Amino acid sequence: MSDHCAVVAFTATPDEESTPAVLELVAGAGATVESHNWVRVTGSASDEQATDVEGYNALTVHVRTDDLPRLRHALRPDPQQQLLPGLDLNALESTWMDPSRRKLVVLDVDSTLIRQEVIELLAAHAGREAEVAEVTERAMRGEIDFVESLRRRVEVLAGLPESVIADVARSVRLSPGAQVLVQTLLREGHAVAAVSGGFEQVLEPLAASLGLTRAAANTLEIEDGVLTGSVTGRVVDRRTKAELTEQWARELAVDPEDVMVVGDGANDIDMARLAGLSVAYRAKPALREIADTQLNIPNLDALRFFMGL
């Protein structure tokens, strides 16, 4: 018996061949198309922090299929590149568009919810941004252990005044569409959380301003108004991110299959694997390899289409 599913495609600039090409791929995977439609979202309609980002187009195709994994593979046989250039092709259960099911969306923070890497902004105050950026890149690719990379990067902050944290917090910019995405999800009764390998001193005011349901990050150690170059308490690594995601779902009475995880790097792999739907957002190859879906246009607002919003 075939199940209702959806194919959601995103592109900055669709051409007249996009629709028939997508429908042909769907049919070739043995799925039956029931309906389809394009929606254009302008850059200015996304949020006030996205004026430098162009809009996007979303194609939603409602289908029936006996084999969702086969459909996913047909749309993205190689997770490292797009089958149809310029188009992100994603297949998901239609339950994600059921408004009666409460969802929990868990967002990574650095380079996902926000545009920057906070540790690099902090390191710039010590004149060591490039050095820290190189370690961050290797950690997000999964080439070095995250906890070790965190220790090495935080060490360079030793001696900086506590005031640099507030300076960095003021300079943080949300990713395009993040504000609208969060507002829309919360308005519709869903839960939104942020979990970060960064620092709670920066995440807490951001989470409060957005009204996030849950948030967690590492804590920079401060003594006598100066950063010590260490973190205190539980380290938020990839394992902890997954554990917190499971904990929040239980606390909020959200079924595991209704948890969406959005991230960009290797540190997000564990929570992505346990999610009902995982999204690789402009991600490193390590996460693209295992995620259920991908969003490569620079606009988190597009994730609303996964939930029919």
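Which residues form one aromatic cluster?

Author: The model before you is a predicted one. Its aromatic cluster is formed by F10, Y56, F305 and F306. A pair of aromatic rings is described by the distance of the centres and the angle of the planes. A search of the whole structure finds four aromatic pairs. In one of them, the ring centres of F10 and F306 are 5.7 Å apart and the planes stand at 55°, so this pair is tilted. The reasoning rests on a cut-off: planes under 30 degrees apart count as stacked and those over 60 as edge-to-face, with the rest called tilted.

Consider next where these two rings sit along the chain. F10 belongs to strand β1 (residues 3-11), while F306 is found in the segment after β11 (293-295), so the pair ties together parts that are 296 residues apart in sequence. Both F10 and F306 are buried.

A further aromatic pair is made by Y56 and F305. Here the centres are separated by 6.2 Å and the planes by 85°, an arrangement that is edge-to-face. This pair, too, links distant parts of the chain: Y56 lies in strand β3 (residues 56-65) and F305 in the segment after β11, 249 residues apart. Y56 is buried, as is F305.

Side chains of opposite charge can pair when their charged atoms come close. The salt bridges found in a search of the whole structure number 19. One of them joins D301 to R304, with the closest N and O atoms 2.5 Å apart. D301 has a relative accessibility of 0% and so counts as buried; R304, at 14%, is buried as well.

E257 lies in the loop between α10 (238-251) and β9 (259-263), and R101 in the loop between β4 and β5 (104-107), so the bridge ties together parts that are 156 residues apart in sequence. R101 is partly exposed at 23%, and E257 is partly exposed at 43%, whereas D258 is buried at 3%.

Salt bridges may also be linked to one another: E137, R138, R141, E143 and K284 make up such a network.

D3, D66, D67 and E93 form a negative surface patch. Among them, E93 is placed in strand β4 (residues 88-93) and is partly exposed, its relative accessible area being 34%.

To return to your request, the part to keep in view is the cluster of F10, Y56, F305 and F306.

Technical notes: Residues numbered from 1 in each chain as written. Predicted model: local features only at pLDDT ≥ 70, side-chain atom pairs only at ≥ 80, totals over all residues. Heavy atoms only, no water. Phe/Tyr/Trp six-rings, centres within 6.5 Å; stacked < 30°, edge-to-face > 60°. Helix = DSSP H or I, 4+ residues; strand = E, 2+ residues; numbered from the N terminus. Buried < 20%, exposed > 50% of the residue type's maximum accessible area, 1.4 Å probe, protein only. Patch = residues over 30% accessible without salt bridge, like charges linked within 9 Å, V, L, I, M, F, W, Y side chains within 5 Å. Areas by Shrake-Rupley, 256 points an atom, 1.4 Å probe, with all protein chains shown as cover. Salt bridge = Lys/Arg side-chain N within 4 Å of Asp/Glu carboxyl O. Lys, Arg positive; Asp, Glu negative; His and termini not counted. Charge placed at Lys NZ, Arg CZ, Asp CG, Glu CD.
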